[in-house]
Amino acid sequence: MKRAAVLAPSILSADFTHLAEQVAAAESAGIDWIHVDVMDGHFVPNLTMGPFIVEHLRRVTSLPLDVHLMVTNPEDLLEPFAHAGASHLTVHVETCPQAADTLQRIRALGCKAGLTLNPATPAEALRPALPLADLVLVMTVHPGYSGQAFMPEMVAKIASVRAMLDGIGSGAWLEVDGGISALTIAGTRRAGADAFVAANAIFRHPDGIAAGIGTLRDALSVP
Ligand code: DX5
Ligand code: ZN
């Protein structure tokens, strides 16, 4: 029996002049988490949000805040983001030589510990720290920007990570991020994903936020 699908809109494509309203619209359309893309202009070319955005989000929603740290030294930011109200802190394996220790630190700060990897990094890189992960994120685009095309070759990687998690009896969420749309979401679900990030498909849907969420939910309900 598959776990219920978790939908995590990424505010990277939201209208920041109306952030609270946009989050409220998503929340009332039925979402599970809010995904926050933190980029440092170094690990990835783009520069986005710091802990203050999480602090402001925490005031307008009680949903879990799923913070994705695309930064070179994530260790320096764990405490500031945890104190700002992050619920999940996801770090890139490429930035954490001692990933198991990093995940343990995240748990000690009272957050769920997430581990992710770039498209070019093999799934095997996750293995040493996997037992300490509450969430594993498979990137389905090169991180940096919303609105990029889904990489279909990542579906096999999702299936490998699903097998690795099942193999160690892990109940971690398997999240996917990048190019998730009504056309791509079901394939990732079939490969074993159970948490889905989407920015453009939700915040840039031509018929609005609720329509974007409804379209993704419909696509997920197709067996
Ligand atoms: C990519 C970010 C994603 C991004 C997804 O670097 O990690 O969370 O916002 O955007 P879409 O869903 O538009 O591909
Ligand atoms: Zn992300």
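Modeller: Contact means that heavy atoms lie within 4.5 Å. The structure above is a predicted model, in which local features need pLDDT of at least 70 and side-chain atom pairs count only at pLDDT 80 or more, while totals for chains, interfaces and linings use all residues. Residues are numbered from 1 along each chain as its sequence is written, chains are lettered from A and ligands numbered from 1 in the order in which they are written, and side-chain values use heavy atoms, with hydrogens and water left out.

Biologist: Which residues of α8 are buried, and what covers them?

Modeller: A residue is buried under 20% relative accessible area, exposed over 50% and partly exposed in between, with a 1.4 Å probe and protein chains only. An α-helix has 3.6 residues a turn, so residues three or four places apart point the same way. In α8 the buried residues are I209, G212, I213, L216, A219 and L220. They lie on the same side of α8, because their arc around the axis, taken from the directions from the helix axis to the C-beta atoms, is only 125°. On the other side of α8, D218 and S221 are exposed. The elements that cover the buried residues include β1 (6–9), α1 (19–30), α6 (185–190), β8 (195–198) and α7 (200–203).

Biologist: At what angle do α1 and α8 pack?

Modeller: Axes are lines fitted to C-alpha atoms, for helices over the stretch in contact, and angles run from 0 to 180 degrees between N-to-C directions. Here α1 and α8 pack at about 40°, and their axes are 9 Å apart. Q22, A25, A26, A29 and G30 of α1 make the contact with I209, A210, I213 and R217 of α8.

Biologist: Now the sheet. What is the order of its strands?

Modeller: Strands of a sheet pair through backbone hydrogen bonds, either parallel or antiparallel. Two strands count as paired if DSSP finds at least two bridges between them. This open sheet has eight strands in the order β1-β8-β7-β6-β5-β4-β3-β2, with parallel pairing. The edges are β1 and β2 (34–39), each with a single partner strand, so one side of each is left without a neighbour in the sheet. From one strand to the next, the twist averages 25°. Helix α4 (residues 99–108) packs on the sheet, where it touches β4 (88–92) and β5 (112–117), and its direction makes about 145° with that of β5.

Biologist: How many bridges join β1 to β8, and how many join β2 to β3?

Modeller: Four bridges join β1 to β8, which run parallel, and P9 stands opposite A198 in β8. From β1, V6 and A8 point one way and L7 and P9 the other way, and all are buried. Six bridges join β2 to β3 (residues 65–70), again running parallel, with H35 opposite D66 in β3.

Biologist: Why is β7 described as largely enclosed?

Modeller: Of the five residues of β7 (residues 173–177), four are buried, so the strand is largely enclosed by the rest of the structure. It pairs with β6 in the parallel sense over five bridges, and L135 stands opposite W173 in β7.

Biologist: Is F81 buried or exposed, and what does F81 touch?

Modeller: F81 is in helix α3 and is buried, at 0% relative accessibility. Not counting residues up to four places away in sequence, F81 touches V38, M49, G50, P51, V54, V67, L69, A86 and L89.

Biologist: Where is N118 found, and where is Q148?

Modeller: N118 is in the loop between β5 and β6 (135–139), and is buried, with a relative accessible area of 16%. Leaving aside neighbours within four places in sequence, N118 is in contact with F43, H92, E94, P143 and K157. Q148 is in the loop between β6 and α5 (154–167), and is partly exposed, with a relative accessible area of 30%. The C-alpha atoms of Q148 and G179 are separated by 5.6 Å, although the residues are 31 apart along the chain.

Technical notes:
Helix = DSSP H or I, 4+ residues; strand = E, 2+ residues; numbered from the N terminus.
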